[in-house]
Amino acid sequence: MKIFSLSVILAPPSGASTVFSMASDLSTFSFYQKGSVGEFMSFFSKTVAERTAQGQRQSIQENNYTAHVYNRGGAEQLAAVVITDQEYPVRPAFSLLTKLLDDFTAKKYQDPRQADTIMRVQEELDETKIVLHKTIESVLQRGEKLDNLVDQSSALSAQSKMFYKTTKKKNSCCVVM
């Protein structure tokens with residue numbers, strides 16, 4: 001029992017289908033066969049997805065392979081295809097396809113930040129940039145406050161020197177006994 005390929009396909013009722021995501025395990029094939037087998041599985045997946053009516057499930061056998069298809073249809077117009085060997089049981093295959101479509105639609109693409117890693121990284125960078133701007137602003141405000149304190153201390157120092165000089169002048173005329 002082996003799974004060769006899993007695909008999520010946009011399958012509109014009319015028109016060509018588009019593969020959203022596809023994963024293949026071609027390790028059992030020779031190096032020279034992998035390219036053509038991969039192309040066959042991609043073509044086979046798109047073809048059976050296009051030919052399966054919306055809301056339907058079906059299994060199609062071709063040579064030594066069985067393609068299990070679930071075309072969910074509806075507003076999403078998504079279909080899932082798993083290509084297995086002939087020994088793979090039907091019920092687990094359709095359970096896998098249902099779970100695959102649920103995970104693909106509900107979790108991944110409801111929140112675009114989870115679907116797109118670049119978008120998530122960009123959002124984290126934006127948050128970091130905001131924190132850095134706030135930190136720089138607070139440092140600048142602290143610097144301005146320090147400048148004000150330096151100016152005030154200079155003014156206080158000048159006033160204290162002036163007070164000292166005036167009191168010395170006034171006290172110099174009188175002798176204390």
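# Close-ups of a predicted model

View 1. An α-helix has 3.6 residues a turn, so residues three or four places apart point the same way. What covers that buried set?

**View 2. The largest nonpolar core.** Here we zoom in on a core of 16 residues, the largest nonpolar one. Phe29, Met41, Val48, Tyr65, Ala67, Val81 and Ile83 have the most contacts inside it. Which elements give two or more residues to this core? They are β1 (3-10), α1 (31-51), β4 (65-73) and β5 (78-85). Helix α1 is the top contributor, with five residues. In soluble globular proteins, nonpolar side chains tend to be buried together.

View 3. Skip the neighbours within four places in sequence, and Ala67 is still in contact with Phe44, Val48, Gln58, Ser59, Ile60, Val81, Val82 and Ile83. Apart from the core that Ala67 belongs to, there is another core, made of eleven residues. Tyr70, Ala93, Phe94 and Leu97 are among them.

**View 4. Phe44 on helix α1.** Phe44 is found in α1. Is Phe44 buried or exposed? With a relative accessible area of 9%, Phe44 is under the 20% cut-off, so it counts as buried. Leaving out neighbours within four places in sequence, Phe44 is in contact with Ile60, Glu62, Ala67 and Ile83. Gly55 comes eleven residues away along the chain, and its C-alpha atom is separated from that of Phe44 by 19 Å.

**View 5. Ser45, a serine with no exposed surface.** Ser45 has its place in helix α1 too. Its relative accessible area is 0%, so it is buried. What does the side chain of Ser45 reach? At 2.8 Å, it meets the backbone oxygen of Met41. Not counting residues up to four places away in sequence, Ser45 touches Ser5, Ser7, Ile9, Met22, Val81 and Ile83.

**View 6. Aromatic pairs.** How many aromatic pairs does the structure hold? There are six. One of them joins Phe4 and Phe29, with 5.7 Å from centre to centre and 45° between the planes, which makes the pair tilted. Phe4 belongs to strand β1 and Phe29 to the loop between β2 (18-24) and α1, so this pair ties together parts 25 residues apart in sequence. Both Phe4 and Phe29 are buried. Now look at Phe31 and Tyr32: their ring centres are 5.4 Å apart and their planes are at 80°, so this pair is edge-to-face. Phe31 counts as exposed because its relative accessibility is 67%, and Tyr32 counts as exposed because its own value is 75%. Ring pairs also link Phe4, Phe29, Phe40, Phe44 and Tyr65 into a cluster. In another spot, Arg57 lies over the face of Tyr70, at 4.2 Å from the ring centre.

**View 7. Thr84 and Asn64.** Thr84 is part of strand β5. With a relative accessible area of 0%, Thr84 is buried. Setting aside residues up to four places away in sequence, Thr84 touches Lys2, Ile3, Phe4, Asn64, Tyr65, Thr66 and His68. Asn64 sits in the loop between β3 and β4. At 59% relative accessible area, Asn64 is exposed. With residues up to four places away left out, Asn64 touches Thr84, Asp85 and Gln86. Asn64 and Asp85 are 21 residues apart along the chain, while their C-alpha atoms are separated by 6.1 Å.

**View 8. Glu127 on helix α4.** Where is Glu127 found? It belongs to helix α4 (residues 117-172). Its relative accessible area is 46%, so Glu127 is partly exposed. Between Glu127 and Val19 there are 34 Å in space, C-alpha to C-alpha, and the two are 108 residues apart in sequence.

Key:
Residues are numbered from 1 along each chain as its sequence is written. This is a predicted model: local features need pLDDT of at least 70, side-chain atom pairs count only at pLDDT 80 or more; totals for chains, interfaces and linings use all residues. Side-chain values use heavy atoms; hydrogens and water are left out. A nonpolar core is a set of buried Ala, Val, Leu, Ile, Met, Phe, Trp, Tyr and Cys residues joined through side-chain atoms within 4.5 Å. Buried means under 20% relative accessible area, exposed over 50%, partly exposed in between (1.4 Å probe, protein chains only). Helices (H or I, at least four residues) and strands (E, at least two) are DSSP runs, numbered from the N terminus. Contact means heavy atoms within 4.5 Å. A polar contact is a pair of N or O atoms within 3.5 Å; within protein, one must be able to donate a hydrogen and the other to accept it, and residues adjacent in sequence count only if both atoms are side-chain atoms. Rings of Phe, Tyr and Trp (its six-membered ring) pair if their centres lie within 6.5 Å; planes under 30 degrees apart count as stacked, over 60 as edge-to-face and the rest as tilted. A charge sits over a ring if NZ of Lys or CZ of Arg is within 6 Å of the ring centre and within 35 degrees of the ring normal.
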